[in-house]
Amino acid sequence: MEVTLTVNGASHTLDVPDNALLVEVLRERLGLTGTHVGCDTSQCGACVVHMDGCAVKSCTVLAGQADGADVTTIEGIGTVDALHPMQEAFRDCHALQCGFCTPGMIMAAIDLVQSTDDLDEQGVRDGLEGNLCRCTGYHNIVRAVLAARDNM
Amino acid sequence: MAENGTGIGAAVKRKEDIRFITGAGRYTDDIDQAGQAYAVFLRSPHARATIGGIDTAAALQVPGVVAVYTGADLAADGIGDLPCGWLVKSKDGSDMIQPPHPPLAVERVNYVGEPYGIVIADSLQAARDGAEAVAADFDDLPAVVDVATADAADQLHESVPGNQCYDWELGDKAATDAAFADADHVASLDIINNRLIPNAMEPRAAVGDYDAASGVYTLHTTSQNPHLERLVLAAFVQVAPESRLRVVSPDVGGGFGSKIFVYAEETAVIWAAGKLRRAVKWRADRSESFLADAHGRDHVTKAELALSSDGTFLGLRVKTIANMGAYLSTFASSVPTYLYGTLMAGQYKTPAIYVEVRAMFTNTAPVDAYRGAGRPEATYVVERLVETAARDLSMDPAEIRRRNFIQPEDFPYATPVALTYDTGDYEASLDKALEHIDYAGFAARRAASEANGNRRGIGFSSYIEACGLAPSQVAISLGAGVGLFESAEVRVNVTGSVTVITGSHSHGQGHETTFAQVVSDRLGIPLDDVEVVHGDTARSDYGLGTYGSRSIAVGGSALIRATDKIIAKGKKIVAHNFETTEDNIDFTDGVFAEQESNRSMAFAEVAFAAYVPANFPLDELEPGLSEKAFYDPGNFTYPAGTHICEVEIDGETGVSTIVAFVAVDDFGNVINPMIVEGQVHGGLCQGIGQALLEHGVYDDAGQLVTGSYMDYCMPRADDVPSFTVDTTVTPCTHNPLGVKGCGEAGAIGATAAVMNAVTDALGVKSLPMPATPETVWKALGGAG
Ligand code: FES
Ligand code: FES
């Protein structure tokens, strides 16, 4: 099937198998390997991207469902010279170690901050419940999200 | 030490973060080779079966399928077994029994998920379809799952009677028995240390490539120690000689031990790449990680502590059955012995200790090192037992520890279980932890919880670990099959920037930052002028990788040796330039200066002079400025500390909430406190996970019941608290940086602290891990 989607501001029309997943299109067709795959049951959040402004697990979205959508990945939110405040906060607070969960974590956290009023520590912990990190114990991730909340 | 700036002791932001936060990290699965094929493994659905026949004809007809190989194909090609690198001896002096472990099963399968074939195709989908089309005949046999009764069950391996790998002992049995005979009190516990599944967030992966023109094999894989991978694949499995086998570990998404080992999958992938003369790529699905990554822990233990009536420890007796799983993984045998029995003194002056460990085979995934590796299990035994003794004698748990601590003046201290601790101040950490948790206020907090119908408990864990693996002479005399030193190279470039090449490997630890801090501090050059290279056998000398909290203690020490050589060579060059002798040259803050004159050369000028040797006396002074060093530690390092956990248990639901967790650790000198704290946080979370959430469970038929994130409960952000982390410092006495290592402490200390707190809250002697709400609720008296 043919799908047309905008990814990080650029429009792509691609011929994909019916069962292709959004994450496969991003990683394998568009070379956007910042979006990771950490599980096969939609439970780790390593693959989170934004679709029309909302965080989605791209391993759980068919490419066809993304037809016409505006998708943003970790590669699209900031650059080395102009980091997104959430990227900045993750680095400042040492909210990453191996970095594997980080793109999904950052994308989920941006959506969480944007969609929640009066976000506090418990709100961050509850809101990131769909994203696993095996390295950081979450302590510094929580600090980073709260710091970014004040700068976004 | 620098509080600010970028030197040793500064909380420098990590260099590697820029690529990770922008999505530019490069993990194995991000790597593609031109024309690559895709691999899918055939895995046993049975825990124990003989393989009747494997019919691959239909699979080979699937469009896109290139090849199907089975264990017999690898065997026919001379591919050897996956070896275990540590030979443990039994009490009677006999060698442990190592059953054959072919990378792909040939005649028999022994655990669910064991690979017996590999399907390779032009696309991943075709490989999956091909795997579906393979018809294998299995003769199902009864599975041996329960480790405690495995000795009386069916024999799994022809060469292993009673399914026993070894029956090992350590310590003085007679002296220990005598201590128990004289004791006023004996505290005893039956302990099950639950099986854990490591779950690094990046699944294992491998991309094998073969260049027919040069005969060179290149394997990109998720390894914590690429040189060891190359050594095993070359020397034992015999894929190719080391000179024609390059192993690259690019960015690796966590390991926690599980990526130390040499597995079947990368072995089959690199072999198949050579066979097909085509690159082959494989990435594990998470379900495969659950089935086929080496698991951790899984001990059944009986432990007893003999005491006098005033709480003085007299003797410790420990009897453990350790589950090896179906085969011996790369370092499996060392974990419940030399990384476990040797730690039974803990922080205490217990004069007599005797440990027995029987290692058994079962029809479960192989068990090997997982963060802490043996030391969390030892800490759990000692610290649960000490807490039990305090309760038995109605003593304060802090006081009973204090009374028995090895004191600062006792170092170096030789324990009854083969180690010599170099330094420590255990009371300092305990006191600081008591202050942070507000121990004095605990009684009031408990009363407040109880007034609300809840329970509250406090639990201690004063752990010790042996890290900085390892002094090679000691390790080899105890059965290690490899040296455990580390290498470093400091390459000064022509204009003064520096490339550091280390045999350590970072899979989250931040070596690109900390190692650069060490070198920039020593050489007095900007941090940005130092680049750290690791993870590629083609770029670095032989190295042993990263595990056992060894990188800064061993790899960092090698780095110091190499920078010392750079400074010495720099002095020679400057002395030549100034027509004086080296002992007239001082080096401070990046400047070589002649004593008693105002002549000096900056580091970059010396570098340039080294590579533009206009008039070097060539038989005394070689051009260039690049030095290597290998460092073999003189002893282990001994990080230690006290962790205190406070829990509140909901009286109605049995849900345990960690209301406070304090960790005070002595890691010796610290290079980057920000990174050290992060390491502690992550370890604590894993330790808490073991206590409250995680459990790898097989049913009686040997099926893995907890094979996905739906059944295996990983700690999530809302399961853990923010932590209070602090340090005390007694510098390590035998390495140049005075460092001890910090990677495993959290996971070693936390589990016992949590379970001591939960049992304290419930007023019960013990509780099986994980202490899930259901388990706790039953202990509260809920209907069973
Ligand atoms: S890959 Fe795990 S949730 Fe998408
Ligand atoms: S940083 Fe490694 S999994 Fe989160």
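The model is predicted, so local features need pLDDT of at least 70 and side-chain atom pairs count only at pLDDT 80 or more, while totals for chains, interfaces and linings use all residues. Residues are numbered from 1 along each chain as its sequence is written, chains are lettered from A in the order in which they are written, and side-chain values use heavy atoms, with hydrogens and water left out.

**Chain A**

- Chain A has five helices and five strands, where helices (H or I, at least four residues) and strands (E, at least two) are DSSP runs numbered from the N terminus.
- Along the sequence, the elements of chain A follow the order β-β-α-β-β-β-α-α-α-α.
- Chain A has a radius of gyration of 15 Å, close to the 15 Å from the globule rule for 152 residues, so chain A is as compact as a globular protein of that length; the radius is taken over C-alpha atoms, and the rule is 2.2 Å times the number of residues to the power 0.38.
- The C-alpha trace of chain A spans about 45 × 30 × 30 Å along its principal axes, and 59% of its 152 residues count as buried, where buried means under 20% relative accessible area, exposed over 50% and partly exposed in between (1.4 Å probe, protein chains only).

**Chain B**

- Chain B has 19 helices and 28 strands, and its C-alpha atoms fill a box of roughly 85 × 70 × 50 Å, taken along the principal axes.
- A292(B) lies in helix α8 (residues 286-292) and is buried, at a relative accessible area of 5%.
- Between A292(B) and Y263(B), 29 residues apart in sequence, the C-alpha to C-alpha distance is 8.9 Å.

**Surface patches**

- A patch of negative charge on the surface gathers D117(A), D118(A), D120(A), D126(A), E129(A), D718(B) and D719(B); patch residues have over 30% relative accessible area and no salt bridge, with like charges joined within 9 Å and nonpolar side chains (Val, Leu, Ile, Met, Phe, Trp, Tyr) within 5 Å, a salt bridge being a side-chain nitrogen of Lys or Arg within 4 Å of a carboxyl oxygen of Asp or Glu.
- E129(A), in the loop between α4 (121-127) and α5 (139-149) of chain A, counts as partly exposed at 35% relative accessibility.
- V494(B), F608(B), Y611(B) and V612(B) form a nonpolar surface patch with about 320 Å² of accessible area together, an area that comes from the Shrake-Rupley method with a 1.4 Å probe.
- V612(B), in the loop between α16 (603-611) and β25 (626-631) of chain B, is partly exposed, with a relative accessible area of 42%.

Note on methods:
Lys, Arg positive; Asp, Glu negative; His and termini not counted. Charge placed at Lys NZ, Arg CZ, Asp CG, Glu CD.
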